[in-house]
Amino acid sequence: MTSLTSTGHVHPAGPGLYACSLCVDCGYRNFPPTALCPGCLSERVRREQLSARGTLYSWTTNRVGEADAFVGYVDLPEGLRVFARILLAADTSQPQCGMAVRLKEAEAVIGKPHFTFEAAAAGSEA
Amino acid sequence: MTNVYVAGTGLRKFGRFPEIDTRVFAAEVVAQALRESGIPRERIDVAYASSVFGDKSMGQRVLGQVGLTGIPIFNVENACSSSASGVHEAFGKIASGRAEVAVVFGVDMLSKLGRGAIPLSPDDWDAANGLVMPVLYAMRAQRYMHEHGLRPSDFSEVTVKARAHGARNPLAQFQKPVTIEEVEASRMVANPYRLLHCCPTGDGAAAVVLASERAVKEFGVRQPVRIGATVLHSGRYEPGPYSMTTSHVSTKSFREVYEMAGVGPDDIDLAEIHDAFACAELMYYEAMQFCRPGEALSLLRSGATSLGGRHVVNPSGGLLSRGHPVAASGAAQIVEITRQLQNRSGAHQVADARIGLAHVTGGGLTGFEHGACAVTLLMK
């Protein structure tokens with residue numbers, strides 16, 4: 001199971017942190033979620049949980065707290081891209097563009113990646 | 001439509017000067033541009049001023065120091081494209097006959113902010129997640145390596161070329177050449193980027209006076225350089241996957257400028273482009289159509305983009321070596337190209353330069369490939 005936690009006090013995304021907005025009228029998905037649809041200006045917009053599985057588009061290293069960590073852009077099946085911390089499998093030394101990842105944790109702490117993904121074997125269950 | 005010319009240029013050496021008042025710092029380049037143009041101040045119709053990290057109403061603050069107030073002053077913010085956006089607007093105003101002469105300047109003094117990456121808005125999602133510009137550009141570089149089979153050390157060759165050019169430019173922030181080994185020995189910032197793959201923060205100011213054909217003739221401006229075309233685009237908001245290796249907004253902007261000016265990539269003798277980080281230079285060779293996707297490293301290694309080559313890129317040293325005081329960069333590039341076309345550039349002069357491009361992007365914003373892109377084509 002995906003572990004989802006949210007401190008919920010720091011960012012407009014608030015509760016339901018790992019979510020996009022979905023326009024009821026035109027189907028536009030937006031991340032971070034908004035109350036106004038950029039596609040058709042409708043205000044009939046609801047929250048939708050994001051898929052836990054994605055593909056790492058690209059990566060680098062960044063200071064997270066006291067140490068360097070891998071970070072990257074994860075592309076999700078909803079057609080959205082999220083910035084995230086990336087954890088590796090024990091036998092690998094660096095991420096690979098195109099690798100399969102799955103959500104491990106979501107927690108809003110300003111200045112740090114709110115989402116953490118870990119390497120996932122392609123095709124395995126989330 | 002009247003032709004529009006660069007009639008005067010002002011530029012000071014970029015570097016770190018935290019003790020100087022920003023108004024004094026920028027007023028000097030505006031005065032330089034005004035003097036060079038020979039156009040009296042009472043004939044300036046409009047001014048465009050840019051400062052991304054400075055105070056509000058920077059135009060009034062600076063132009064008050066050179067007795068140029070009472071006219072319409074537009075304070076233009078468009079991230080790194082700010083002062084080039086001002087040039088774009090001034091060009092349109094003069095070309096359409098609504099003004100004869102305009103002053104455009106950009107200034108930023110990043111040394112007053114301390115050291116490290118420039119601050120991004122905490123309201124931006126990615127920035128709130130800890131993303132800074134080196135991280136964004138490093139992800140572009142990693143993806144470019146993935147798609148085209150480059151190694152991290154390949155990017156060091158971009159820095160070596162930039163520093164070799166900057167060493168010949170007395171106005172560059174960095175004037176010492178570096179070796180591949182020195183680049184590789186600098187500290188890691190964001191994999192694959194080491195410190196010397198990143199442009200420095202610093203202070204700078206640049207100004208241009210633009211004038212109509214009639215004004216150029218009336219005041220006997222010496223060596224006016226014609227603006228062949230300007231293009232300004234914002235990036236497209238796209239919360240979903242987009243390419244980080246093919247810049248759509250830059251590619252589109254270059255293509256439009258070529259069409260407007262009736263030239264092609266083969267006609268470009270020199271270009272000042274937005275090499276904020278080393279891989280960006282390679283990506284923009286492709287966006288300018290100097291080569292096909294994936295061939296940029298070969299083009300660099302061929303010498304075609306170095307002084308003496310057929311498309312000299314960043315003869316000033318570019319952002320990596322001349323420096324990148326955000327709002328000043330666009331105007332500084334246009335000053336550089338103008339002086340090159342006037343054959344005034346001394347040790348970093350491009351031989352027989354007739355047509356040059358200035359290109360800036362800007363804005364690290366969630367959901368945008370780039371916030372803005374401005375391209376200016378100048379010709380003899």
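Let's start with the sheet in chain B: 10 strands form an open sheet in the order β3-β2-β4-β7-β1-β8-β12-β11-β9-β10, and the pairing is mixed. A word on the terms: strands here are DSSP runs of E with at least two residues, helices are runs of H or I with at least four, and both are numbered from the N terminus. Two strands pair if DSSP finds at least two bridges between them. At the edges of this chain B sheet stand β3 (73-75) and β10 (312-313), each with a single partner strand, so one side of each has no neighbour in the sheet.

Further in, β1 (residues 4-11) of chain B runs antiparallel to β7 (residues 203-212) of chain B, with seven bridges joining them. If you'd like a pair to click on, L11(B) has A206(B) as its bridge partner in β7(B).

Please keep in mind that this is a predicted model: local features need pLDDT of at least 70, side-chain atom pairs count only at pLDDT 80 or more, and totals for chains, interfaces and linings use all residues. Residues are numbered from 1 along each chain as its sequence is written, chains are lettered from A and ligands numbered from 1 in the order in which they are written, and side-chain values use heavy atoms, with hydrogens and water left out.

How confident is the predictor? The model scores ipTM 0.94 and pTM 0.95. For pLDDT, the predictor's confidence in each residue from 0 to 100, chain B averages 97, and 100% of its residues score at least 70. Chain A averages 87, with 84% of the residues at 70 or above. Over residues 1-14 of chain A the pLDDT is below 50, though this stretch has 28 contacts in the model beyond near neighbours in sequence; contact means heavy atoms within 4.5 Å.

Now to chain A itself. An open sheet of three strands has the order β2-β1-β3, paired antiparallel. Its edges are β2 and β3 (45-49) of chain A, each with a single partner strand, so one side of each is left without a neighbour in the sheet. Strand β1 (residues 19-23) of chain A is joined to β3(A) by five bridges, and C20(A) has E48(A) as its partner there.

Elsewhere in chain A, β8 (residues 115-119) pairs with β6(A) in the parallel sense over three bridges, and R85(A) stands opposite T116(A). Strand β7 (residues 100-106) of chain A runs antiparallel to β8(A) with five bridges, and here L103(A) faces F117(A).

So what happens where the chains meet? In all, 33 residues of chain A are in contact with 27 residues of chain B. The two chains bury about 2500 Å² between them, 57% of it on carbon and sulfur atoms; that is accessible area (1.4 Å probe) lost on being put together, summed over both. Y57(A), Y73(A) and F83(A) supply 25% of the area that chain A buries against chain B, more than any other three residues.
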